[in-house]
Each structure stands twice: as C-alpha cells, then as structure tokens.
Amino acid sequence: MPEEMTLPWERIGSEFRKDYKRAGMLVDLDRCIGCHSCSVSCKTENDVPLGNFRMRVRYLEEPEDKKIMFAPLICMHCADAPCLKACPSKAIKREGDGRVFIDEGRCDLEKECIDACPYGAISINTEKEVAEKCDFCTHRTDVGLDPSCVENCPTDALVFGDLDDPESKISRLAKKNDAKAWKPEAKTDPSVLYVSHDRWMEKAVNTGVQLDEKDADITYEQNNLGKKH
Amino acid sequence: MTTTTTRRSFLKLGSALAASAFVPLRAEVKAPFSQPLARLDYTKAKATPTICFACTNHCGVIGWVQDGLVRKIEGNPLDPNTEGNLCSKAQGMISYTYYPERILYPLKRVGKRGEGKWKRISWDEAYDELVGRLKPLRENGVPEEFVFHYGRDKTKGVTKHFTNAFGTPHRLNRRSICSSNRRAPLMSFYGREFEWETQDLENTKYVVNFGGNPYEAYQGGLFMTHRLQRARVDKGAKLVTFEVRPSNTASKSDEFFTVMPGTDGAVAGAMLHTILKEGLENKEFWDRWANYSLEKLREDVAEYTPEWAEAKSGVPAADIKRIAIEFAKAAPACCTMSNRGSAKHYNGMQGDRLIRTLDVLVGNVGQEGGYCLSSLRGWSNRYGQEGLPKLSFPEPKASDPKPWGIGEGFNETAFKKLPKEVQDRVQGFPDAWKKKYYGELATPSEYPLSWHWYSMRVGQLVYPYIKEKRQKVSVYMSFTLGAAFGYPESNVVREVLLDEELIPFHVAIDIGYGEQTSLADMILPEAASLERFDHHSTNNYGLIPYTGLRQPLIKPQGESKTMPEMFRELAHRIGGGMEKHFTYTDDESLYKDWYKNLPISWEEFKRRGIWQDATREKDYRLYERPLTDEQLTGATIPKEENALVKDAEGSTIGIIKDGKPVRGWPTSHRMIGVYDDIFPTAAKAVGLPLEDGNASPVGLYHDVPEHVNLSEDHYIFSTFKWNVHTQGRSGHWKYSAEIIHTNPVFMHPDTGARLGVEEGDSVELSVFRPMGHTYRAGEEGVMGSFKNHVRFLKGMHPKVVMCSHHVGHWEHGVVGNGKSEKTAPSEGLTETLADKDMMKGVWWSKKNGGIGGGVHINDALPINPAPLIGGQNWYDNVCSIQKI
C-alpha cells in the first residue's frame, strides 16, 4: 500500500458510469449462501419500509432432500414488462439500458402493476404513497457503482452487467452456467437470470418478492400455518 | 438517469411530514428517520473506513454519511480478511445507532429495582455517586468488591487497564458461554497463541466439518465463507458436514450427514482408525512434530471402528470410511473444521482433541490448503508476529493485582474470606496455578482449565456463586452484557440482580435498554460503535497479519460517552494513583499513541482504515522457520535432536530439528501437544474421577452421560444461531428482526408424527438437569420449560428439537419484543430518533395481526459447565415434549 494511494471508494462519479445496452443481473444459486446481505443492504440503501421488499431471499426446503435452497428474488426488469403495460398513469418507464423503473412523481397508486407482475416485485410504500420496486440502484450505477445487493454479496452470487455484450462477465457466466429465466412461462423476457434453480422452487416461492400468506418460507415467519400459536 | 422530484411527489413528502406530527416529538428536535429519507448521493456523501461491530468477526467496512446521518455500510476492499465482503448484520449498526429506544442520558432508578422507573441525571451526578461507592472500596483495602462483568468488551484493554489500576481481579467475561471447550484443545495442541485456527480455505481441496456453521455464524465465518465458496464452486473442493439440522453450511455442503448430538468425536475417532488402518497417515510429519507415539495412537483408536462409530452417531460406517480415505488422500490440502456443534457437549473438549488429531495425522498443519495457524490479536512481538510493528496500550500500564493465597506476594486477606473448602483445594494446587488464582468469580477453583492458559472464566457460575456468597460484591458493573436474557438459567441471573443484599449497587453500561440494564440502579449510556475509536487485529484467513481502526463517523448521540472517556474521568475522580494510568487527553490521542509504530501516518491510517504489509511471507510452516540470529543472541543451543533452545533469560524459544534451531510450536515442549497431562493433573486437583473422559491426557470419545439409554419419549433440545442475528444483541435491529422474529421448535416430520403434532401446533418443552460431574447434576424433575409452536424440517435429526435463541425479548423496545407499544422507560430515551418504521409497531406484532416476537428459552436451559474447563454444554439438554 503506497502512501497516498487512491482508495476504491474515492473512484465515484458520472465519469465512472458504464453504459450498457441491456443491464441485467445473474443470480447464481450455487454460490448463494442465503445470508440476506443483499436484501438487507437494499433496505438500507433505498430506505425500504418494514413490510415492503425490493428484494427478498427465500428459504425453500428441497422436496426430495433434507437441504434448504436459497433464492434471492427481485424485479426481473423484463424486456416485455407487464407492469409497464398495466400502469394507467404511465408511471412505469424504461431506461435506455432496458431497466424498468417507477417515476414516483407520476404514480397514482392504481396498483394495476402489482397484479400484473408475475414475480411479486412491486409493493406500495405507504410512507411515500408510491409504488416501489427495484431499479438496479440507478443512483449507484449512474456514478460507477454496482447495485447495492451486488456490492454487498459476500460470495459473488450476484453479477451485474451488460447482457448484450458477449464479452462481459455476466454474459460469459450466463453462457457457461446455462443461466435461465425464473418462471419462463410468464414469457416476459427477464433481464435477471438464474443459475441452478429448479422448477420446484418456482412453485414453492409462490408470488415471489413480497410477503404472502401462502408463503411456505422458513424465514419471515407469519401467522400462516393455519394454526393457533 | 435520476428521477426529478415533481410537484406531486413533493406534496406527498409533505403529507408524510404531516403524518409524523402525530408522534410525540419534542418540538425543538429533528427526527430524521421519522420521514422518508432523501436518496443517497454518493458524490456528496462522505465515506469513512471503520470496523464493523455487529458480531465477533469485526470486518473492515466503509460507512457513508449524508446530511449528518450514517446511511449505509459497505465492505472495505482493503481489508485482506474480508476482501471487501460483509454480511447483513453490518447494516444493523445503523439500526442500533438510531434506535428510537436507545439510551442517551445517564439514568438513575427512582422506583424499586426492576420496576422500570427512572430519572435522568447529569454525568456529574452519575460520577459522584459511582466514585462515592468505589473510592471507599479501594481505601478500605477491598477493591475486589468491585466486580466488572462484560459481554462484549471491544475496548482492547481499556477496561483491564481500569480494573488493574483499581486493584480488582474481577473483570469477568462470558467465554465459557461461547467457546472455552473448543479453545482448550487448541491451546493444548499448539500453545496459548493459537486458541483459534485459520484454515487455508482458499487453497483447500477437502474440508470435514464437525458441526461448524461458518456460512451463518462462527467467529471468522465471513472470512471463511467467501474463500470456501470459491474453493468449492470454482475449484471443486469438497465440503462434508456433520450436523443435527439443515444449517446454511450443511445445506451448501457437498455431503451433509445428520449426526447424533455429542458424537462428532466418535466419527473423528473412526476416521483416525481408518486412516491408520489404510496406511494413509503422514508418519514423517507425525514423528517429527507430535509429542505422542503413532503406535500409542494406533492402540487408542483400535476400538473406534467405523461400525462402532455408526452405532454411536448414526453416520453409515461405509461413509465414515470413505470420507476418512478421501480426506487423507487430499492431504496436505485438506482440513477439519469444528466449533460449537462438536464442542458444546460434556465430551466436547476431548472430542475436539480427536478432531484436531486428524489434521496432525495427515500432516496438513500449517500447509497450503491445510489447517493453518496465524497470529491473533494485538501485536506485541509474540510468536508469529516477528517483524510486525509493535502496537500496545500506551504506558504507564497498571500491573495485575496480587494473586489470592498464602505467603509473600499473595493477597491473604481476600483469600482467607473464601470458604474453607475452596482454600483447601487451592492450597493443594501446583505453584503455577496458585500464582494465577484470584478467587471464585475470576478463577473458579473447580474449573482450573478455565484459567490455566489464560482467564476464560466460567461466566454462567458467577451468579450462583454470588448467591452462595462465595464472593462479596459491593459494586457490580455490567457492560454490554445480556446475562439476564441470554445466560443459562437466566431466571437465577435476574433473581440475583434483584437482590439488593447480594448486589447492593448495579451500574449498567450499554447503548440500549435491555433485560440487564432494566435491573440496574444506574445506567450509563455508551457511545455506539459508529461513534468511537478502537484498535482491531485478528487472525487473517489470507494468512498475513493486518490491523484495522474503528473510528467515529458521527458524534455520540445524546450524552452517550465512550469507555475510554468514562474510565479516564472515573480514574481521575477516584484518584489515589489511578489517575497516573489515565494520562491521555482524549480518545483519539490514546489510539494515535497506540498506533505510533505503524509505518504510515495516523492520518493515512484513518483514511485507509486498514494496514498490512502485503509483501510479508504467508504464515505457512511457522514451526519450521529457523530461529533468527537476533533471537539466538545469548541463547543456549544444544546439539541433540528435539532438545529445547532457550534464550539468555532461560525462556524456551525453539527446538533442534535436523541439528538446527527452529521455532517449533509455542508450547512448552515446542511440539504439538497431542498428549497433555494437564487434563489428568486438573482432574486430580479438583477430585474429578480419572475414569471421566475429561481427565484423559489424549483425545478420546466418551458418551454424554445423560444421552446414554435415552428413552423413547425423551429428546435432545439444542439451540442455534441465525445468520441475521448476533446472540441476544440483535433482537431490536429492525431489518434482522423482520427476517427472524420467532424461534419455533424445529423438528423432523417423523418426530412430529411420533408426538402427534402438526406444523403450527403448540408444544410444551420440559428440560431436565444433566448427569455427570457438573453443577446440580442428577437433580430429579423438570428444571425449566417453555411453550412454542412447531415447524418441520426434513434435515433435523429425529431425536433433536431446536429453537434459535435470539428472540423473545421483553425489553429492547418495539422491535426487540415484537410488540406495538414502547416498553422502555420514558425518561432518557430518544424521541429525537423516532423511526417511521416503528411508529405503528412492527408488522409481525400480534396487535398488527402478526405472529409476535418469539419465545424466551434461556430460563429453561440448565447451567451445565463442562468438567475442568467450564464451557457451557448448551447442546446436551434432555427434554420431554407435550402437545398442548
């Protein structure tokens, strides 16, 4: 370490921003250890209220084995986004790099987006009175930082990058590991791809990111076991 | 790409502000977290490197401050141990710093003790009262009646400096609650410097894990996880885990076997048996470094056949055999791993010695990819720290008080107040122990191994011993301690803390209002980790030592103060010579002085947060390194092989190997202590029968007494940690509690079927006292019970039921107790820190239709110290279960 070295956290600014054709994320379930660092870091980063989620790590018991699988779920930033089409106020928009975001100023809380999303990615932030979801941390990627969840993953299970650049790390890993969309029958062409997920997991997570009474999750315990406690 | 704030969203922000007016804010104070926060702007926010305090790992982190608030914690890429990684708990630092029920002013109780009525007092009043109580103890020659007891002391020596200067040996800790059973085997094998191992997981090919859970908890877990995951996923390393539940580590393991609790040692024994039978041992390494003959080991493990181990553990013999062979063939790039899972049992200390023997037998110790050992803690030129800049608490240091005993140099007055039986026992101890004896709270005479290597103590016996009047207490100071919630038989803790005859005065130092502080007479608010300095160094899994600086990002909230500031002030007010040891003017000058030998400036160190000489050779094979000319100056160098090399003062510094002086290990014999007669010596000294496995000089498997002939309707009740929580400290961190706020009884579906319960049903779990040679062993009847609901997991051992132990608080505020209304006292708290997330209570509170905040289980867990060492056998509890 030479004296007066430039420190990594000092290399921040619009000059460090990377331009992507198609921003995307790879979620490698072989690497994920279910630590919740991504989702908690997201809450802090984006001031997400308790009870709302832009990202949630699901704990799912394998149906034929005794192990637990971990699946971080977020907005899939679909190329064919049902939420975008469903919003009557045109508050859901797409950036040049393909990411889907909510223009908070335009949101009229009509909630059509919530029903339209096959992944449970959108919720209503009652504090701000707007719909809320992941935007790949635009405020971070604008200044050259990775999204908060990616930066805070301790096992490199999350990779952010350009899916349209075949030489990018994300594209190489997606190809090498045969990455696939979560719940492909939704036919939304997601920009978030998963490595090593199985179809049983798609069923087990139920809606996905938000809490749901039908969740059979081991964490985030709710009053949903159908019994008195 | 930023979204512009439209008129509409501006109006919405306005309505949120209006909503916050319903909260009883003081008009003059700002409550920044009571409304949505402005989005982070990293071009304007200020980054400061510091050290995380959310668990025992102490990771290098960067804290981002915007508009005077700490908004985000990220990893410090310069930290060679984390390599820039961190976990969810790091964000918890923000939760507790700004927790609405954090204590910000000194408080004095006004009602009965424990009644929860307080008044705010000034620091002057607080100091005056404390000095008024402490000073006479010193003047009357009974400084030992001041008892300081901590849960997490990360002041790196400030508190010891204070208790030493005051003259009391009572600086009590909770190591026995945590890890003394697993530290003893390491210190016995490798010496005091290596009470924790540092496996080279980056380069390993094969790991056998006996109940360790680094992917969720484990001291060093965060440092281990990313290296081991890289080794597994990128390089094909194999991880085999023996566990009783599907922990995250077990779930990510390549092979996961459910094992009967307390039988890890049997599996390890059968692996030793197999390796020797197959001729896969590294004879050269063993003969060169083990202090025990291979032939004797062969005899010891002859009966430990894989079939025998299968009968004990339930792990198939064929698998044990295969794993032993795979492990040995991967040597030296293989290692064992174990922590509480194997160690927190009656037989855990000796079981861990068998596990440690595996590494020695295959010769992976200190090798690439193997079971390495690296320098721990502060740098004072000890073994493995040669050439590192010396870092130490600034002079003048206060020396330790006199040991208690009879004769010159001993504190006879204090000794003679001890019960006759204790005096007799101590008088029969070897001289080396007599010089370390400081009464029953600090050095319990029935557990000499808890202080043979250094003072680990037996924290869970402190309160019963006070109750038995083994030690008079005049002032009891608890510091970041959650014993009233988290110790076994915590009801006894509370009973003693409520007894004003046993504890005439209790002052608690903490940042929050918890179960411990609620039973104090005075509460002093401590500055939180983001508000203070601290010195940090630990073993680096990258195998090159480094040091890091905790430093303040913001000023202490309210009137909270740091320990160095509090203790400096107290020392000066008590006077009588104490003030001479507290000469620093402020916290920063203290730490700057501490770090004066670093080769970079203080300002540059603060800028980076971490210092390491990355060009230094990695800590492989430290034991083979030749003694340097400097070390050999004035030394006696014998000629014969294996003779000890002594320096000019007569201290052992090395051993002769191949005719040359090398370092060897920092044990008395410079070899690996596979055989250690300290165990039978200790047993004889305290009257433990030599037939008890704990008395064995070599590792061996012996049954947990209460697990023998476990009846059909009895189960083993065990506890575990979740990755988002830190012991009992994190129940009120809002994002951690949102994920885990309950602690259901996890069991195998077959266990449920046998009990006739379904998921969601409630059960009553009744726990019995242990057998064997331990505290209140063999007492009949149920010692404690609790009710909780059931959940099923197929990865549970069918004879085991488990609850996590973090939740079920009745203090710690809205988040901590999972309720809707504040429970903490109205005085001295921080309306200034109102949080929008908590104004209406948390979503999981029962009032809001949720499941509530979990069940407190620690009253139902018996105090169960392992013989000789005193580590709490958390995982041995036998219980019965009734459906309700």
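Student: In which loop is the place of B:R621?

Tutor: This is a predicted model, in which local features need pLDDT of at least 70, side-chain atom pairs count only at pLDDT 80 or more, and totals for chains, interfaces and linings use all residues. Residues are numbered from 1 along each chain as its sequence is written, and chains are lettered from A and ligands numbered from 1 in the order in which they are written. Helices (H or I, at least four residues) and strands (E, at least two) are DSSP runs, numbered from the N terminus. B:R621 has its place in the loop between β17 (610-611) and α27 (629-632) of chain B.

Student: What is the phi of B:R621, and is the residue buried or exposed, or partly exposed?

Tutor: The phi of B:R621 is positive in a residue other than glycine, near 45°. A residue is buried if 20 or more other C-beta atoms lie within 10 Å of its own, exposed if 12 or fewer, and partly exposed in between, with C-beta atoms placed from the backbone. B:R621 has 16 C-beta neighbours inside 10 Å, so it counts as partly exposed.

Student: Is B:T480, which has a positive phi although it is not a glycine, buried or exposed?

Tutor: B:T480 has a phi of about 40° and lies in the loop between β12 (475-479) and α22 (483-486) of chain B. Because 22 other C-beta atoms lie within 10 Å, B:T480 is buried.

Student: What is omega at the cis peptide bond that joins B:E395 and B:P396?

Tutor: B:P396 is found in the loop between α15 and α16 (412-416) of chain B. Its cis peptide bond with B:E395 has an omega of about -5°.

Student: How many residues of domain 1 of chain B are in contact with domain 3 of chain B?

Tutor: Chain B is divided into domain 1 (199-372), domain 2 (626-662) and domain 3 (713-883), with bounds that come from an automatic or database domain assignment. The C-alpha centres of domain 1 and domain 3 of chain B lie 30 Å apart. Two residues are in contact if their C-beta atoms, placed from the backbone, lie within 7 Å. Facing 23 residues of domain 3 of chain B, the residues of domain 1 of chain B in contact number 18.

Student: Which element gives the most to the side of chain A that touches chain B?

Tutor: The contact takes 54 residues from chain A and 67 residues from chain B. On the side of chain A, the elements that give two or more residues are α1 (37-46) and α4 (138-141). With six residues, the element that gives the most is α1(A).

Student: What radius of gyration does chain A have?

Tutor: Chain A has seven helices and nine strands, and 54% of its 229 residues count as buried. The radius of gyration is taken over C-alpha atoms, and the globule rule is 2.2 Å times the number of residues to the power 0.38. A compact globule of 229 residues would have a value near 17 Å, which agrees with that of chain A, 18 Å.
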